Amino acid sequence: MKKYDIVVAGGGFAGAAAAIAAGRQGKKVLLFDKSNCMGGAAANCLINPFMPYTTKVNGEHKRLCAGLFLEIQDKLDDIRRLTGETRYMEGRSIFSEEHLKLLLNRMAQEAGVELLYHAYLCGVSCADGKINSVTVATKSGNIELEADYFIDATGDADLAVSAGFPYRLGRAEDNLCQPMTLCFRVSNVDVEKFTEEKPEIQKLYKQYRADGKIKNPREDILIFKVVQKNVLHFNSTRIVKMNPVDPFDVTKAEIEAREQTFELYLFLKNNFESFKNSELLMTAAEIGVRESRMIDGLHVLTGKEIVACTKFDDSIACGNYDVDIHNPEGTGTSHYYFPDGQYYEIPYRSLLPVGSQNLIVAGRCISVDHEAQASMRVMPIVCCVGEAAGIAASVAKDGKNNVADADISKIQDLLVKNGALIH
Ligand SMILES: Cc1cc2nc3c(=O)[nH]c(=O)nc-3n(C[C@H](O)[C@H](O)[C@H](O)COP(=O)(O)OP(=O)(O)OC[C@H]3O[C@@H](n4cnc5c(N)ncnc54)[C@H](O)[C@@H]3O)c2cc1C
């Protein structure tokens, strides 16, 4: 059996940041992922761009997410400079997922992290809140991985749930989760013309929906520019009332979303000059899951707390992305935008499952309610939460502590030293 200081399950922004941060603390770290790269939703579900991570103070944008997230942005810029790909880079929000996958491999390897791709979590050995090992299914059979500490960055809290820790699914009243979305890209678009036609496109889409000619329940078309010239990115399919952790529901969701993709593509191609010569370039490898399981942690961060911009002594990250709830039942998207200069903090206790001795959770499945998750789930924030999880596991390892007893001031000092913003 292979033995590590820290095993990280899942290599999305949260898991990648956790592994890199812990590796840089000199820990023996392994990160496994079911896919062939890190980046998680950005890589597998084509999620782009980074949602906002600044707040305006005296007219100036001040960052709320820095540390490893800022380093990743800087290094993405370096790669971009090498390739000369400079299109649509306003505000450094849009990024190339190909550059990201390459960069995260390099950063993890430089930090001494061992990577294991194509490995699916399939078993956990746990007693009295202490995880002894996890088992991953691979092409060559099952592999057991032992460690002193574990970080669950699977997005769906797969490890925490397999170990028997309590969790919630979706919103409190009916367990419905935010909709799933299969993102897709359309190439050979006349982007200048599209900018002119956009209001007309949205108008006709609404008309088609009213006439029953479009079945997608989403109220409008959500479109972004991407790094490739003449390519547009669609975050616009909407699958509601399906359970993102039930494989039969996810299969139905993938099938329905593919129909919605084709419906939308044909609508654009058949009605608008800007799409006349366009091609359906690609759909994401996997449907995107906005929300699923969230652990019950030592602190459940609530929508009320974040809207009140609550501050915590054990804060490990900050955020102010709007409370962005795509209607779990159908049409409509609600937003609560934070006023300029306002932000909330995320407490370390929200990363700790109740009763956990050596498991920390990072990413969109930490201990939050439906409303708080709707804000903290975005890539800049989960990256900061992941970095904190990696540092916390390292500090716990050094002190031979249970994760709840890890020295919080040491965790915070290390985070600040590494450039993270925690208050
Ligand atoms: C449709 C959609 C649009 C979005 N739009 C934006 C946006 O524009 N901007 C933004 O900033 N955020 C956006 N988000 C939110 C954001 O992309 C995610 O919430 C965030 O990336 C989650 O990061 P994570 O690291 O917690 O999880 P993930 O990125 O989901 O990473 C989890 C990783 O764990 C792996 N994994 C999962 N289960 C297992 C298992 N059992 N065994 C092995 N490996 C496993 C997965 O392969 C994956 O790599 C969007 C999300 C969706 C779904």
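Author: Gly10, Gly12, Gly40, Gly288 and Gly363 come nearest to the ligand among the 37 residues around it, where a residue is near if its C-beta atom, placed from the backbone, lies within 6 Å. Please keep in mind that this is a predicted model, in which local features need pLDDT of at least 70 and side-chain atom pairs count only at pLDDT 80 or more, while totals for chains, interfaces and linings use all residues. Residues are numbered from 1 along each chain as its sequence is written.

By class, this shell has 17 nonpolar, 13 polar and seven charged residues; Ala, Val, Leu, Ile, Met, Phe, Trp, Tyr, Cys and Pro count as nonpolar, Asp, Glu, Lys and Arg as charged, and the others, Gly among them, as polar. At least two shell residues come from each of α1 (13–24), α2 (41–44), β6 (120–127), β15 (288–289) and α10 (379–399). With three residues, α1 gives the most. The elements here are DSSP runs numbered from the N terminus, helices being H or I of at least four residues and strands E of at least two.

Now for the wider setting. The chain is divided into domain 1 (2–171 + 291–417) and domain 2 (180–289), with bounds from an automatic or database domain assignment. Both domains give residues to the shell, so the ligand lies between them. Their centres, taken over C-alpha atoms, are separated by 28 Å. Domain 1 puts 23 residues into the contact between them and domain 2 puts in 22 residues, a contact meaning C-beta atoms, placed from the backbone, within 7 Å. On the side of domain 1 that touches domain 2 there are eight nonpolar, 10 polar and five charged residues.

Let us return to α1 and see what it packs on. α1 and α4 (97–110) meet at an angle of about 25 degrees, with their axes 8 Å apart; axes are lines fitted to C-alpha atoms, for helices over the stretch in contact, and angles run from 0 to 180 degrees between N-to-C directions. That makes α1 roughly parallel to α4, given that angles under 35 degrees count as roughly parallel, over 145 as roughly antiparallel, 65 to 115 as roughly perpendicular and the rest as oblique. Ala16, Ala19, Ile20 and Gly23 of α1 touch Leu104, Met107 and Ala108 of α4. These contact residues divide into six nonpolar, one polar and no charged.

α4 also packs with α3 (68–83), at an angle of about 115 degrees and with axes 10 Å apart. α3 is therefore roughly perpendicular to α4. In this contact, Ile72, Lys75, Leu76, Ile79 and Arg80 of α3 face His99, Leu100, Leu102 and Leu103 of α4. Six of the contact residues are nonpolar, one is polar and two are charged.

Another shell helix, α10, packs with α11 (408–417) at about 130 degrees, their axes 9 Å apart, and the two are therefore oblique to each other. Glu387, Ala388, Ile391, Ala392 and Val395 of α10 make the contact with Lys410, Ile411, Leu414 and Leu415 of α11. Seven of these residues are nonpolar, none polar and two charged.

Finally, two backbone details. The peptide bond from asparagine 48 to proline 49 is cis, with omega near -5 degrees, and proline 49 sits in the loop between α2 and β3 (54–57). Histidine 118, in the loop between β5 (114–116) and β6, has a positive phi of about 55 degrees although it is not a glycine.

Note on methods:
Two residues are in contact if their C-beta atoms, placed from the backbone, lie within 7 Å.
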